[in-house]
Amino acid sequence: MSDLPEAHLLIVDDDERIRGLLQKFLIRHAFWVTAARDAEHARRILAGLEFDLIVMDVMMPGEDGISLTRSLRGENIGTPILLLTAKGETEDKIAGLEAGADDYLTKPFEPKELLLRINAILRRVPTDNAVNEGPKVLHLGPVRYNVERGEMWRGEDLVRLTATESALMKIFSSHVNEPVSRAKLVEDLGRDTGQAQERAVDVQITRLRRKIEEDPKQPRYLQTVRGAGYMLAPE
């Protein structure tokens with residue numbers, strides 16, 4: 001059984017057999033599941049429903065999963081996305097993360113592994129009752145981050161964060177002005193250890209900097225501390 005019941009998942013896969021198997025498996029583990037046969041179908045569903053997580057195949061006819069992920073992020077849709085891909089090359093995984101995916105799983109995979117990944121992503125989503133010690137609002141130049149609400153604002157505009165970006169901000173706000181190692185970030189995000197996952201974290205940091213920094217290539221607030229990791233240094 002899932003330890004996060006009643007989450008609503010959207011499965012996007014052009015293979016009817018796989019789509020049906022995933023739907024049945026996840027329903028048995030207490031999820032609500034809706035299925036889409038391709039990107040166009042998924043767009044129509046997303047226009048009328050909100051989901052807790054999207055599980056999406058990369059290789060689909062027409063618009064592929066990475067392209068749809070990039071498009072959804074461009075529309076400020078922050079729903080967590082788990083990509084399923086038959087490609088095992090690191091470059092393909094990084095491309096998915098750069099497009100805005102929260103995680104990836106390479107086919108073939110064990111259903112239990114999929115369940116673990118889904119639960120790990122859902123646990124990253126900040127909850128309303130999350131309590132953090134220290135400052136309630138962190139000022140990052142024109143950006144401010146409300147620690148209790150897990151919200152980032154630029155002026156009057158809410159900055160949309162993915163689940164992983166929200167989880168990273170929660171980690172950094174608990175270690176203000178303290179370096180956090182890449183290995184620690186991987187561990188706190190609930191991922192397997194290894195260089196590939198640390199590189200994946202680097203990609204997420206790059207995306208987060210684009211939302212915080214005036215010049216992401218010369219970060220002022222989300223700094224790289226050589227030999228120690230990353231550090232959030234608010235004003």
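Which residue of β5 does leucine 82 stand opposite? Leucine 82 faces aspartate 103 in β5. The model is predicted: local features require pLDDT of at least 70, side-chain atom pairs count only at pLDDT 80 or more, and totals for chains, interfaces and linings use all residues. Residues are numbered from 1 along each chain as its sequence is written, and side-chain values use heavy atoms, without hydrogens and water.

Helices (H or I, at least four residues) and strands (E, at least two) are DSSP runs, numbered from the N terminus. Strands pair if DSSP finds at least two bridges between them.

| Strands | Sense | Bridges |
|---|---|---|
| β3 and β4 | parallel | 4 bridges |
| β4 and β5 | parallel | 4 bridges |

Isoleucine 54 stands opposite isoleucine 81 in β4. From β3 the chain passes through helix α3 (residues 65-74) to β4, a right-handed β-α-β crossover; right-handed means that, with the strands pointing away from the viewer, the path from the first strand over the helix to the second runs clockwise.

Because 5 of the 5 residues of β4 are buried, this strand is largely enclosed by the rest of the structure. Buried denotes under 20% relative accessible area (1.4 Å probe, protein chains only). Ile81, Leu83 and Thr85 lie on one side of β4, and Leu82 and Leu84 on the other.

Helix α5 (residues 111-124) has 14 residues. Its buried residues include Leu114, Leu115, Ile118 and Arg124. Among the elements covering the buried residues of α5 are β4 (81-85), β5 (103-106) and α6 (163-173).

Note on methods
The expected span of a helix is 1.5 Å times one less than its number of residues. Buried means under 20% relative accessible area, exposed over 50%, partly exposed in between (1.4 Å probe, protein chains only). Contact means heavy atoms within 4.5 Å.
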